[in-house]
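This report covers a multi-chain structure, from one chain as a whole to a single residue.

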Amino acid sequence: MIKVTIDGINTEVPEGTTILQAARQIGGEIVPPAMCYYSTLKNSGGKCRACLVRVAAGSAKDPRPMPKLVPSCITMAQDGMVVENITNPQVLETRKGVVEFLLLNHPLDCPICDQAGECDLQNFAYEHGMAKTRYEEERRTFDPIDIGDKIKLHMNRCILCYRCTYVADQLTDNRVHGVINRGDHAEISTYIEKAVDNEFSGNMIDVCPVGALTDKTFRFKQRVWFTKPLDAHRDCPKCSGKVVLWTKGNDVLRVTARKDQYGEVKEFICNECRYDHKDMSHWTVEGPRHIDRGSVISQNHYEKVDLVKLKKDVERQLKFQEGKRLEQTNNSAE
Amino acid sequence: MGRKLLLKDINVPGIKSFEVYRKQGGYASVEKALKTMSPDAVVEEVKKSGLRGRGGAGFPTGMKWSFIDKKSEKPRYLICNADESEPGTFKDRFLMEYIPHALIEGMIVSSFALGAKTSYIYMRGEFRWIFPILEKAIEEARAAGFLGKNILGSGYDLELYVHSGAGAYICGEETAQIESLEGKRGNPRNKPPFPAIVGLYGCPTVVNNVESIAAVPHILNMGGDEYAKIGIGKSTGTKLISASGHINKPGVYEIELGLPVEEFLNSDEYCGGVWKGRKLKAVIPGGSSVPILPADLFLKNAKGEARLMSYESLADGGFASGSMLGSGGFIVMDETACIVRNLWTFARFYHHESCGQCSPCREGTGWMEKVLHRIEHGHGHMHDIDLLVDVAKKIEGNTICPLGDAAAWPVASAIRHFREEFEYHIKYPEKVMNPKHFEIEPFRSEKNLVMA
Amino acid sequence: MSLVQKIIKRYPEGRHKSALLPILHVAQAEFGGWLSPETMDYVASILNIKPIEVYEVASFYSMYNLQPVGKCVLEVCQTGPCWLRGSDDIIQYISNKLGIQPGETSADGMFTLKVVECLASCGSAPMMQVGNNFIENLSVEKMDDVLKKLRETHNVPSPDYGSPYPVNKA
């Protein structure tokens with residue numbers, strides 16, 4: 001085990017753990033945002049630069065700071081490493097820049113985008129971005145296209161995280177789509193009109209951090225915050241069969257894999273579960289899906305308070321306040 | 001006359017052929033290294049020589065070699081970076097075209113030093129006619145027993161191949177080059193791991209510039225200590241400079257590092273002075289990526305000392321008042337040049353060449369190009385200038401590879417030294433409507449007019 | 001041994017994908033100066049890789065033409081050092097003379113005008129590349145002559161599009 005300090009909070013992690021994973025072990029607001037990294041997809045990460053942090057001390061052996069900000073998702077933690085994330089103004093300023101870059105050519109069509117309410121870019125921009133853009137130029141645009149009969153590609157919204165290509169590479173036996181062209185003209189495409197069609201292709205929708213890949217069977221059906229998510233499962237010979245049903249009344253509007261608190265699917269599901277069983281009677285319902293309080297989807301959801309988690313959150317908050325190096329700005333005592 | 005090593009025999013008739021090259025003393029270093037030295041001894045000589053990477057970054061070559069993972073059981077590779085694409089730089093092409101055996105000889109001794117049994121020359125795709133020249137040189141060397149199995153009876157085997165790129169500046173970055181050589185898109189890899197540990201096909205790999213490799217035979221022939229005596233301070237040896245722009249004699253020149261910049265610019269042996277009798281306005285001394293310097297700061301540093309053509313002297317003053325030797329792409333601008341338009345062409349270049357993998361570079365390079373295009377065409381706003389500075393700052397240092405820095409530095413430096421010219425474009429849009437605006441009437445600082 | 005097999009042999013066993021860029025050069029030169037989807041699929045089958053891997057690579061590098069081109073492709077450099085010595089005028093001249101904008105092919109299918117970024121010939125600026133050749137030290141006065149010669153040499157049934165690898169032209 002090695003010792004790492006992130007924003008003043010100490011933790012111990014096994015050797016070979018990335019800074020981001022170490023931060024996730026601590027949890028809470030000191031966890032760097034990740035737009036391209038996906039722990040269950042090999043080779044992902046390092047591209048979006050949203051998770052850049054400062055390493056104030058490389059390790060106990062070599063305590064020199066690292067000259068540049070480093071991508072926490074792919075940088076290994078070292079014993080005695082001291083990392084600054086939200087306690088470093090340079091990191092926050094850079095992150096603001098990354099939001100601006102990602103939104104530069106993004107259409108901001110959230111009001112008509114199916115991803116709204118569960119969009120990583122929306123959350124990222126809300127937490128780290130500026131209120132206004134300084135971009136006055138014309139935006140780069142593409143026409144939306146169908147890739148297969150179940151998936152819609154809105155290239156305008158894509159942030160080129162490459163996750164969907166990794167899904168195709170690692171979960172399916174034949175990748176037919178990829179990233180073509182170069183620079184800011186790069187796009188996700190099949191190049192020639194081809195349908196993405198295989199048993200696990202639907203997972204591309206789940207791993208997409210934005211509304212670039214959406215489920216055509218759910219398209220414009222319902223705003224996600226008006227649906228009621230339920231954990232459910234069925235016996236499936238192809239996958240774990242563990243899903244979330246997004247329901248209204250007795251209607252199953254959409255089926256997705258289960259995402260953890262960082263938006264990652266740990267158990268991918270097959271297309272049959274996703275598209276062919278939109279009937280409540282096909283599923284064993286386990287109960288309501290836990291939705292984070294901060295999410296817009298949590299409105300009108302009532303859950304039992306998890307006392308263990310609450311205690312952990314409070315302890316972490318206290319520890320963070322102790323280790324915090326930024327000046328107190330709203331000290332009401334004065 | 002400065003000392004010549006690389007281009008010493010450039011005017012010998014038939015130097016392209018093996019026979020003539022050999023007669024001029026070529027391949028002596030291969031004999032010396034393979035028959036009398038150990039690989040480590042070769043690395044040691046290169047370390048002693050103080051040779052710094054000639055591709056632009058100036059990292060000590062011997063040190064780079066010593067990082068290669070020797071414990072690994074995997075094969076090791078040497079890749080020669082002949083993907084010369086930095087605007088203003090054309091020395092490697094010149095060397096490969098006219099003295100191909102200099103590179104082949106260098107590749108053999110360098111591969112020997114690193115223990116590489118297969119080496120590649122990654123050549124820029126556009127240099128299509130140089131490909132057969134190098135292939136022929138390789139065949140000649142093989143026929144003479146300098147390549148293949150058991151070279152010169154030493155027991156050392158080496159295969160050398162030329163590989164062609166296909167038009168991507170980014171493939172000059174070492175990890176992108178490795179990806180490209182593996183038959184993929186030229187997307188740079190995140191570092192660490194460094195190529196010396198995990199490089200081509202996951203094996204330990206060194207990537208060196210053409211000129212660095214071509215310098216190695218000379219180092220072995222004269223000895224590292226002797227080589228280190230050429231040049232000045234930590235800038236040892238000779239360097240090829242590609243001179244272009246508004247000068248009388250554009251071309252490739254070999255200089256001893258430490259030559260005064262004024263002599264290089266004005267002497268008839270080199271650039272022959274600014275063309276058409278015009279005044280010098282600015283110089284980019286090391287290829288498009290390095291900061292631009294106005295004439296006064298270029299000839300003398302901020303302390304008033306004459307600048308020299310060396311890594312240290314050109315960098316004197318940091319980015320505030322200095323620049324870099326870079327790859328030696330020496331671009332000269334006379335008083336009729338428009339700094340904004342020149343910068344726009346560079347911004348367009350980086351926008352075109354960004355691989356699109358990481359967000360600051362992908363989006364930022366395009367943004368800067370569009371804003372500069374607006375300013376140059378008379379549609380700028382005053383706040384655009386600070387915006388450019390800020391965008392450049394947000395890209396610099398935050399990208400996977402140094403292309404982001406290379407795109408940011410020219411913008412930051414042009415505004416630092418020529419802000420008034422940007423303001424002029426914004427204040428007087430009607431005067432910049434004609435693309436040749438400063439050819440009609442050179443830019444004059446309004447401040448100076450008031451003071452005079 | 002065919003040229004393609006010779007190229008593949010340059011790379012270690014199992015690393016035949018390395019031959020992709022070289023083989024695309026050969027394919028482009030053999031199949032009319034551009035890479036059609038059929039040509040790329042054929043290359044994929046030779047190397048036993050997925051077609052999308054070829055599309056991804058071919059669209060990344062600027063030397064591969066993904067659209068048909070004229071018999072003679074004029075690639076004029078427009079970056080800083082060439083611009084300083086008048087590349088704008090050259091591009092404008094060609095454009096007016098042939099009645100095409102950059103990226104377009106003349107109506108008779110003879111010329112395609114491409115504006116490209118730095119070709120590493122800044123000392124002989126302005127310049128352009130045509131097939132395997134650099135045509136350097138251009139000036140507006142010389143252009144009529146240059147175009148006339150190119151028309152003569154390239155107006156043949158199978159013009160030479162150039163390739164670093166020796167492609168036999170019938």
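The text below takes up a chain, an interface and a residue in turn.

The model is predicted: local features need pLDDT of at least 70, side-chain atom pairs count only at pLDDT 80 or more, and totals for chains, interfaces and linings use all residues. Residues are numbered from 1 along each chain as its sequence is written, while chains are lettered from A and ligands numbered from 1 in the order in which they are written.

| Property of chain B | Value |
|---|---|
| Secondary structure | 20 helices and 13 strands |
| Box of C-alpha atoms along the principal axes | roughly 75 × 45 × 40 Å |
| Buried residues | 60% of 452 residues |

Helices (H or I, at least four residues) and strands (E, at least two) are DSSP runs, numbered from the N terminus. A residue is buried if 20 or more other C-beta atoms lie within 10 Å of its own, exposed if 12 or fewer, and partly exposed in between, with C-beta atoms placed from the backbone.

Chain A meets chain C through 11 residues of chain A and 7 of chain C, a contact being two C-beta atoms, placed from the backbone, within 7 Å.

In chain C, Val69(C) sits in the loop between α4 (51-60) and β1 (72-77). Val69(C) is partly exposed because 18 other C-beta atoms lie within 10 Å. Beyond its neighbours within four places in sequence, Val69(C) contacts Gly33(C), Trp34(C), Thr105(C) and Thr112(C). Ala44(C) is 25 residues from Val69(C) along the chain, and their C-alpha atoms are separated by 22 Å.
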